[in-house]
Amino acid sequence: MKAIVLREFGPPSVLKLEEVPTPEPGPGEVLLKVHAVSINRTLDTKVRAGKYARPVKLPLVLGVDPSGVVVKVGEGVTDRKVGDRVTVALRVAGGDHSGADAIRLMGVHAWGGYAEYVRAIAANTTIIPDGVDFPTATVVTRHAPTAMHLLADHAKVQPGEWVLVMGAAGGLGSAGVQVAKHLGAKVIAAAGSDDRVKVGLDLGADAGVNYRTQDLTIEAMRITEGKGVNVVFENIGDPELFPKAFATICRRGRLVTAGGHGGGVVPLDVNKLYLNQITVMGVTGERPESARQAMEMAAAGKFKALIDRVLPLSQAPLAHELVEGRGGLGKVILDPTQL
């Protein structure tokens, strides 16, 4: 089969299209013909550059969120069959389903979806409903369950609460806007340009703030009539933006975060933290049922996947350049059925 193989860390040009053996599914596994896999900043571009926080063994095929068609089933697999359209959760072994202790990830510690075929644990797959295409399924599986885990399971967002979503046009941020609305919240979409703010508004946000041209704290307090927000959904970790977002949180409010693309080291107003009894949570992972729920939302037209473009497998280096350049709106997808 053809696959994009990473044999050395470096710039996007180190990604090479090669002929490699097609894997065979082991016990409890399925083999997928991959139709879509997305490019992620942390789990793709940082891994490729050798900047990922955990050890990575080369050679490696990247790709944490493939979707495709089951073409073979391994011994003991009874709940999947040849022809099933599925997506795959990135966890391949270790830890619990929350991701708290997960140490082996598809596309990081095991070969992933930048390939014509990939093997996956059958129990980690989710059926794609009719009417949901492969690129959409990949984006939904990658981000919506994580957003649900942060907002529903940890922040415990309640109907009528205000949620400030940072990076509202990004993969996780756009999922956060939609999940928060699904939970009955009022949402402020915060982003770094007017067109990205508009994306959040188009996804259902009640208000928007351009945090590059407006004062985020002042605007959020104005929108909430001085009350502040109940929850901040943070996935940037920018040293200037984080304290602005934190300052919007009301008494007994919560901040949940699963990202540090802006650097990850930020100032924290500890006086506000304890005087207002604010909870700050760092969260990763998802629950298996969240993936199924998210897919049902997509099938019902209640979740929109933002997709910038779909490229052939051989264009993986270009895909990485586009994601690192941060110029587009939505996810960049590889389609390994196109070489």
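Two strands are taken as paired if DSSP finds at least two bridges between them. In this predicted model, strands S10 and S11 are joined by five bridges and run parallel. Within this pairing, Met166 stands opposite Ala190 in S11.

S10 and S11 belong to an open sheet of six strands. The order is S12-S11-S10-S13-S14-S15, and the pairing is parallel. S12 (207–210) and S15 (279–282) form the edges, each pairing on one side only. From one strand to the next, the twist averages 15°.

S10 is largely enclosed by the rest of the structure, because five of its five residues are buried. Its side chains point two ways. Trp162, Leu164 and Met166 point one way from the strand. Val163 and Val165 point the other way. All of these residues are buried. In a regular strand, side chains alternate between the two faces of the sheet.

S14 (residues 249–257) is also mostly covered, with seven of its nine residues buried. On one hand, S14 is joined to S13 (residues 229–234) by five bridges, and these two strands run parallel. Here Val232 stands opposite Leu255 of S14. On the other hand, four bridges join S14 to S15, and this pair also runs parallel. The bridge partner of Leu255 in S15 is Val280.

Two helix pairs were examined next. The axes of H2 (residues 134–154) and H8 (residues 288–299) come within 8 Å and cross at roughly 120°. H2 and H8 are therefore oblique to each other, since 65 to 115 degrees is the range for roughly perpendicular. Their crossing is right-handed. H2 contributes Ala137, Val140, Thr141, Ala144, Pro145 and Met148 to the contact. These meet Ser290, Ala291, Gln293, Ala294, Met295, Met297 and Ala298 of H8. By class, the H2 and H8 contact has ten nonpolar residues, three polar residues and no charged residues.

H1 (residues 41–49) and H9 (residues 316–325) form the other pair. They pack at an angle of about 115°, with axes 11 Å apart. H1 and H9 are therefore roughly perpendicular to each other. H1 passes H9 in a left-handed crossing. From H1, the contact involves Arg41, Asp44, Thr45 and Arg48. From H9, it involves His320, Val323 and Glu324. The class count for H1 with H9 is one nonpolar, two polar and four charged residues.

Most residues other than glycine have a negative phi, and most peptide bonds are trans. The peptide bond from Leu58 to Pro59, however, is cis, with omega near 0°. Pro59 lies in the loop between H1 and S4 (67–73).

Glu225 is not a glycine, yet has a positive phi of about 55°. Its place is in the loop between H5 and S13. Glu225 counts as exposed because its relative accessibility is 65%, against a cut-off of over 50%. Gln277 likewise is not a glycine and has a positive phi of about 50°. Gln277 lies in the loop between H7 (270–275) and S15. With a relative accessible area of 38%, Gln277 is partly exposed.

Tyr117 is found in S8 (residues 117–121). This residue is partly exposed, with a relative accessible area of 23%. Neighbours within four places in sequence were left aside when its contacts were listed. The remaining contacts of Tyr117 are Met1, Thr22, Pro23, Leu31, Leu32, Lys33, Val34 and Val71. Lys244 lies 127 residues from Tyr117 along the chain, and the C-alpha atoms of the two are separated by 45 Å.

Conventions. Residues are numbered from 1 along each chain as its sequence is written. This is a predicted model: local features need pLDDT of at least 70, side-chain atom pairs count only at pLDDT 80 or more; totals for chains, interfaces and linings use all residues. Side-chain values use heavy atoms; hydrogens and water are left out. Axes are lines fitted to C-alpha atoms, for helices over the stretch in contact, and angles run from 0 to 180 degrees between N-to-C directions. Angles under 35 degrees count as roughly parallel, over 145 as roughly antiparallel, 65 to 115 as roughly perpendicular and the rest as oblique. A crossing is left-handed if the near helix is turned anticlockwise from the far one by less than a right angle, and right-handed if clockwise. Contact means heavy atoms within 4.5 Å. Ala, Val, Leu, Ile, Met, Phe, Trp, Tyr, Cys and Pro count as nonpolar, Asp, Glu, Lys and Arg as charged, and the others, Gly among them, as polar. Buried means under 20% relative accessible area, exposed over 50%, partly exposed in between (1.4 Å probe, protein chains only).
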